[in-house]
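Please read the points below with the model open beside you, and look up each residue as it is named.

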Amino acid sequence: MGGKAPKVRIVTFSLALFVLFYFMGYYMLNPILKTLHEEGLIPGKTEVEWRFNAGLIATILQGTGLVLSFVWGILADKIGRRQILFLLGITMGIGLLLVSTARSYTELLLYFVLFGLGYVGVGPVIYAFISDALPSQSRGKGYAAYYVSSVLAMILGLIVAGVLLQWRTAYLVSGLATFIFAVILFISSRGITIGYSEKKAEEVKKYSLREALPSLKKKTVLLILLMIIPWTIPWGMLSIWSIDYISTKWGVPTGTASLIIAAATASIALGHVIGGTLSDRLVSRGDTSGRAKISIIGVSVGFIAMLLMVIYPYPYGDTSISALFLPALLAVGGMMFTTFAYPNINSVLSDVIIPEHRGTIFAFYSVLNNLGWTLGPTVYTLLLSAFANTMGQIQAMTSAAVIIVSLWLIALLCWIGIYRSYPKEKL
């Protein structure tokens, strides 16, 4: 693998920038929704009406990608990850460029749907591509690079579209960068074929969907698919309602709550790097269950920290550093430690599935992963509504959040099962 190392570094860097800019294109929508409404691009005479139309953009965008995830995953196995990755990258770049030219709600919706053709569906292709480019003992860092870029994209998107640039200019920049780095990634990854990091290209078998599906019966794969929705529902809730939870329950300004969540978001990026790097080191030393160990430790510590943050008896309305420090630290620690598991999910899947079938199986994983993120905000509000009939608002919020966060215990149990099955099923 020594001769491949310089090329892999260039490919990983190009992939990280590609991921950064297309994710940024999605996250920039959040800070500009009111601006789009004020400019007449999102219609609605009432607050409820225009917010519904705004939400419809993200819902249809995500839905389009979910429907096509299986198609892109299968094509990636059948044709090649590099080729499908390039196709989806160009499609996303064009979609974002067109968003910057939108003159009506219909155009805005259509251009975001074009972007959505690749946005969700590109996930399983990238997961499989990383396993092609990097050997087993280095994949933790490779998947961490993907996740770190997606987290940094959220922060960058809020700053670029919300503060630095006018929204049309921001989407022009995002679209051009996505297009350019899709081309650079395609050129720099020449020669990386299915199974590149594990065996010679001529040894790879011809793709067959019938032969790919039995991989779903492996115990490790089943456990990951079983845990993924309970694993991502809390993340989906936190991504939408965490600021509202802190500001309402603690009685602090939205700006203060936003700073706490911004710090916690930054810690997620650190958690990806630490989780991926530590597990790679254990694997390199011959510890076949190392990825499961790091994930079990991370989820255990992260769950306890997040649960303590949710139930913390905060002195309502106190904005002093002494009052904020401990619960804010719990929020940061909860998100960082729990994130240790994320890069290891992909690494474990790639280690138990043969190269030819990874795109297909990652498509199943990607659909469930996105479904959990999508359900999270709604499940939380449904629980709030149910508890509101028997308890006060703050108590209802706390009870709903405790239930949501406790879903991570299901993921923890699954990781314990993976700890036993993974070494036996690893290729």
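**Notes on the structure**

1. Thr 193 counts as partly exposed because its relative accessibility is 36%, where partly exposed covers the range between buried, under 20% relative accessible area, and exposed, over 50%, with a 1.4 Å probe and protein chains only. Thr 193 is found in the loop between α8 (167-188) and α9 (209-212), and although Thr 193 and Gly 80 are 113 residues apart in sequence, their C-alpha atoms are 6.9 Å apart in space.

2. A word on the basis of these notes: this is a predicted model, in which local features need pLDDT of at least 70 and side-chain atom pairs count only at pLDDT 80 or more, while totals for chains, interfaces and linings use all residues. Residues are numbered from 1 along each chain as its sequence is written, and side-chain values use heavy atoms, with hydrogens and water left out.

3. The secondary structure of the protein comes to 17 helices and zero strands, where helices (H or I, at least four residues) and strands (E, at least two) are DSSP runs numbered from the N terminus. The protein is as compact as a globular protein of its length, because its radius of gyration is 21 Å, close to the 22 Å that the globule rule gives for 427 residues; the radius is taken over C-alpha atoms, and the rule is 2.2 Å times the number of residues to the power 0.38. Along the principal axes, the C-alpha atoms fill a box of roughly 65 × 50 × 35 Å.

4. Of the 427 residues in the protein, 54% are buried. Among contacts with a separation of 6 or more, 83% are accounted for by residues 24 or more positions apart, a contact being heavy atoms within 4.5 Å.

5. Which residues have the most contacts inside the largest nonpolar core? They are Phe 18, Tyr 22, Ile 126, Trp 231, Tyr 365 and Trp 415, and the core has 131 residues; a nonpolar core is a set of buried Ala, Val, Leu, Ile, Met, Phe, Trp, Tyr and Cys residues joined through side-chain atoms within 4.5 Å. Helix α10 (residues 219-250) gives the most to this core, with 14 residues.

6. Leaving aside neighbours within four places in sequence, Ile 126 is in contact with residues including Phe 18, Tyr 22 and Tyr 146. Tyr 146, which lies in helix α7 (residues 139-164), counts as buried because its relative accessible area is 6%. With residues up to four places away in sequence not counted, Tyr 146 touches Val 19, Tyr 22, Phe 23, Gly 123, Ile 126, Tyr 127 and Ile 130.

7. Is Ser 350 buried or exposed? Ser 350 counts as buried, because its relative accessibility is 0%, and its place is in helix α14 (residues 342-352). Beyond its neighbours within four places in sequence, Ser 350 is in contact with Ser 131, Arg 139, Tyr 143, Arg 358, Phe 362 and Leu 427.

8. Val 405 lies in helix α16 (residues 393-406) and is buried, with a relative accessible area of 0%. Not counting residues up to four places away in sequence, Val 405 touches Pro 234, Phe 303, Met 306, Leu 307 and Val 310; one of these, Met 306, is 99 residues from Val 405 in sequence and 7.4 Å from it in space, C-alpha to C-alpha.
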